[in-house]
Amino acid sequence: MTERRESIHGSWSGRLAFVLAATGSAVGLGNIWKFPYIAGENGGGAFVLVYLACIAVIGIPIMMAEVMLGRRGRQSPINTMRSLAKEAGASPAWRWLGWAGVLAGFLILSYYSVIAGWALAYVFRAAAGTFTGATAEGIASIFEQLTGDPERLLAWHTLFMVMTMIVVARGVRGGLEQAVRWLVPALFVLLIMLDGYALASGAFDQGLEFLFTPDFSRISANGVLIAMGHAFFTLSLGMGAIMVYGSYLPERASIARSSITIALLDTLVALLAGMAIFPIVFANGLEPGSGAGLIFQTLPIAFGHMPGGALFGTLFFLLLVFAAWTSAISLIEPAVAWLVENKGMTRVCASVYAGIATWGFGLLSIFSFNAWADFKPLSFIPIFENYTIFKLLDYLTANIMLPLGGLFIALFSAWVMKRSDSVQELDMGDGAGYVVWHLLVCYVTPVAVLVVFLNVTGIVNFARLFGLGE
Ligand code: PHE
């Protein structure tokens, strides 16, 4: 099959453009907003270690699998799965994997855009000098004022969705490729500067110790699931974003090298962010486990006290918006590509439809921070006792839908696709590199995902099974 080796949507100008775009997708709110706060909520060091292990043994192999499937199928994930299943003589039901990804992307973007809206609001607050000289309490109240006001959140969320729709409507090369080219390096520079500030804050050691000294008594089975889910989330895996980007990848580009580069850059950004944030948390007597507002309540303290803080603060939140923007695009791209392929829509029309639907669903998350802050739909399940709709959406997508999507992607590439086809598509021969990849997607990934799931649901208690403590 796939004699047509070019996607109808166009393609990247080369391997570098793909790496940049995929890095743009991977590096986002997940690294800078989410990673620090979930590491804080789940005890720090042990969580970070599990997360790093998941990136290495689950994330990288699945990223390779996703890129490979995308490049071979050359269509939206739904149609790619359909045609690859046909090529392998398997059931057309595999296309549901594509659908599940579209749904996950839709749900994620609906709340992602709300948080990106916070970052947008903070660009203006920083520029206006609102943080200058402010105390930790002052900054906390700025945050509460923003999130407590549904109208403001709606305005920022709307602006962010419009920005996303505009870039998606313009297509693969226009805009997107250009944006990431300077964004990722600039983000690095700013994070390193913030690390410099954190180093001088007086609690750098405490911050590092919290992040890098694993204490396994502080992580629960659910914490392990959250760490694994985050490995998928932060690398944009399990929902077709990387698959659809892979479908625009030129023929002769090394999938393994690209995937490893993307994963390393992504991890570095997360660690740099964590190293900037936790020293500030400890130096100011804040709570590492304080939740989704963590970076919005810590970094402004740094900006409020460093020389040139208004400028750097503005730049930082601007970069955060850009990072979120390049991720948002990839969240909606699988749906848009499908609408173009199957419904004959133009990209503009497809982006508008997909964007409006996502925007509307975003209202649920907006109200989770104010009007419905006390509405905990699943409070009868112990771990979800305090979960608002926003938190449930995040949990369901990152910790359940993405790992399940990744599991099936691994199963398909390892067990359904012909070995000769994956050898050909990965294009690294069938030596040691290929064998390691194959072993990982064949056994390690599926077993790891299942073990974590079964353990959390309490169906099997592996700790007890192996005679370990709780
Ligand atoms: N990886 C992005 C981030 O870390 C989020 C994302 C998830 C993007 C899934 C695409 C698909 O912010």
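1. A residue is called buried here when its relative accessible area is under 20%, exposed when that area is over 50%, and partly exposed in between, with a 1.4 Å probe and protein chains only. By that rule Cys54 is buried, because its relative accessible area is 9%. The model is a predicted one, in which local features need pLDDT of at least 70 and side-chain atom pairs count only at pLDDT 80 or more, whereas totals for chains, interfaces and linings use all residues. Residues are numbered from 1 along each chain as its sequence is written, and side-chain values use heavy atoms, with hydrogens and water left out.

2. Cys54 belongs to helix α3, where helices (H or I, at least four residues) and strands (E, at least two) are DSSP runs numbered from the N terminus. Setting aside residues up to four places away in sequence, Cys54 touches Gly59, Met228 and Ala231, contact being taken as heavy atoms within 4.5 Å. Glu341 is 287 residues from Cys54 along the chain, and the C-alpha atoms of the two are separated by 34 Å.

3. Arg74 sits in the loop between α3 (45-73) and α4 (77-87), and it counts as buried because its relative accessibility is 2%. Its side chain reaches the backbone oxygen of Ser247 at 2.7 Å, and a polar contact of 3.4 Å joins the side chains of Arg74 and Glu251. A polar contact is a pair of N or O atoms within 3.5 Å; within protein, one must be able to donate a hydrogen and the other to accept it, and residues adjacent in sequence count only if both atoms are side-chain atoms.

4. Asp394, in helix α16 (residues 389-416), also deserves a look. With 9% relative accessibility, Asp394 counts as buried. When residues up to four places away in sequence are not counted, Asp394 touches Lys34, Tyr37, Tyr111 and Asn399.

5. The ligand is surrounded by 15 residues, of which the closest are Ala26, Gly30, Tyr112, Phe233 and Ser236; a residue is near a molecule if one of its heavy atoms lies within 4 Å of it. For Phe233, a backbone N or O atom lies 2.8 Å from a nitrogen atom of the ligand. Taken alone the ligand exposes 320 Å², and the protein buries 100% of that.

6. Helix α6 (residues 136-147) has 12 residues and reaches 17 Å from its first C-alpha to its last, close to the 16 Å expected at 1.5 Å a residue, the expected span being 1.5 Å times one less than the number of residues. Its buried residues are Ala136, Ile139, Ala140, Ile142, Phe143, Leu146 and Thr147. They cover an arc of only 155° around the axis, which puts them on the same side of α6; the arc is that of the directions from the helix axis to the C-beta atoms. On the other side of α6, Glu137 and Glu144 are exposed.

7. The cover over the buried residues of α6 includes α5 (95-127), α7 (150-170) and α13 (294-305). Helix α13 is itself mostly covered, with 11 of its 12 residues buried, among them Leu294, Phe296, Gln297, Pro300 and Phe303. The end C-alpha atoms of α13 are 18 Å apart, which agrees with the 16 Å that its 12 residues should span at 1.5 Å a residue.

Terms used: Areas by Shrake-Rupley, 256 points an atom, 1.4 Å probe, with all protein chains shown as cover.
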